[in-house]
Amino acid sequence: MDAPHAVGGSAPAESGRAALEVSPLPGRAGIRARGEINGVTRPSWEQALSELARRHVGVSYVELSDVAFVDVAGVTALAVTAMNLPDGRVVVENPPPQLPRVLDMFWPGLDRIEVAL
């Protein structure tokens with residue numbers, strides 16, 4: 001099996017079983033993440049979000065159905081990325097349950113992120 005890679009070609013962040021793999025979404029603008037977004041993997045997550053923002057045009061997708069956990073700092077990185085986009089929005093698909101809760105708690109009414117469960 002190939003080793004996971006973050007968008008932009010950097011190596012994955014790993015510590016024991018904590019790993020994050022981020023890849024482009026085939027056929028549409030966005031990224032797919034697998035694993036966990038936490039203190040160990042956050043640099044890879046932030047790099048992937050940076051790349052997403054650079055390529056953003058109108059709507060970008062973030063597919064998280066294979067993400068088991070996102071910490072508050074990981075949600076913060078996503079929110080800040082969305083708020084700094086010049087226009088459009090980020091559609092977050094199938095996130096772990098804590099992501100919409102953290103968004104509602106700290107960024108209620110943030111219209112730059114749409115959560116699709």
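Author: Contact here means heavy atoms within 4.5 Å. The model is predicted, so local features need pLDDT of at least 70, side-chain atom pairs count only at pLDDT 80 or more, and totals for chains, interfaces and linings use all residues. Residues are numbered from 1 along each chain as its sequence is written, and side-chain values use heavy atoms, with hydrogens and water left out.

Reader: What is Thr81 in contact with, leaving aside neighbours within four places in sequence?
Author: Leu49 and Ala53.

Reader: Is Thr81 buried or exposed?
Author: Buried, because its relative accessibility is 14%. The cut-offs: buried is under 20% relative accessible area, exposed over 50%, partly exposed in between (1.4 Å probe, protein chains only).

Reader: Switching to helices. At what angle do helix 2 and helix 3 cross?
Author: Roughly 65 degrees, and their axes come within 10 Å. Helix 2 is therefore roughly perpendicular to helix 3. Angles under 35 degrees count as roughly parallel, over 145 as roughly antiparallel, 65 to 115 as roughly perpendicular and the rest as oblique.

Reader: Which residues make that contact?
Author: Val72, Val75, Leu78 and Ala79 come from helix 2, and Leu99, Val102, Leu103 and Phe106 from helix 3.

Reader: Now Leu103. What does it touch, not counting residues up to four places away in sequence?
Author: Leu103 touches Val75, Ala79, Pro108, Ile113 and Val115. Leu103 is also buried, at 7% relative accessible area.

Reader: How far apart in space are Leu103 and Val115?
Author: 9.5 Å, C-alpha to C-alpha, with the two twelve residues apart in sequence.

Key:
Axes fitted to C-alpha atoms, helices over the stretch in contact; angles between N-to-C directions. Helix = DSSP H or I, 4+ residues; strand = E, 2+ residues; numbered from the N terminus.
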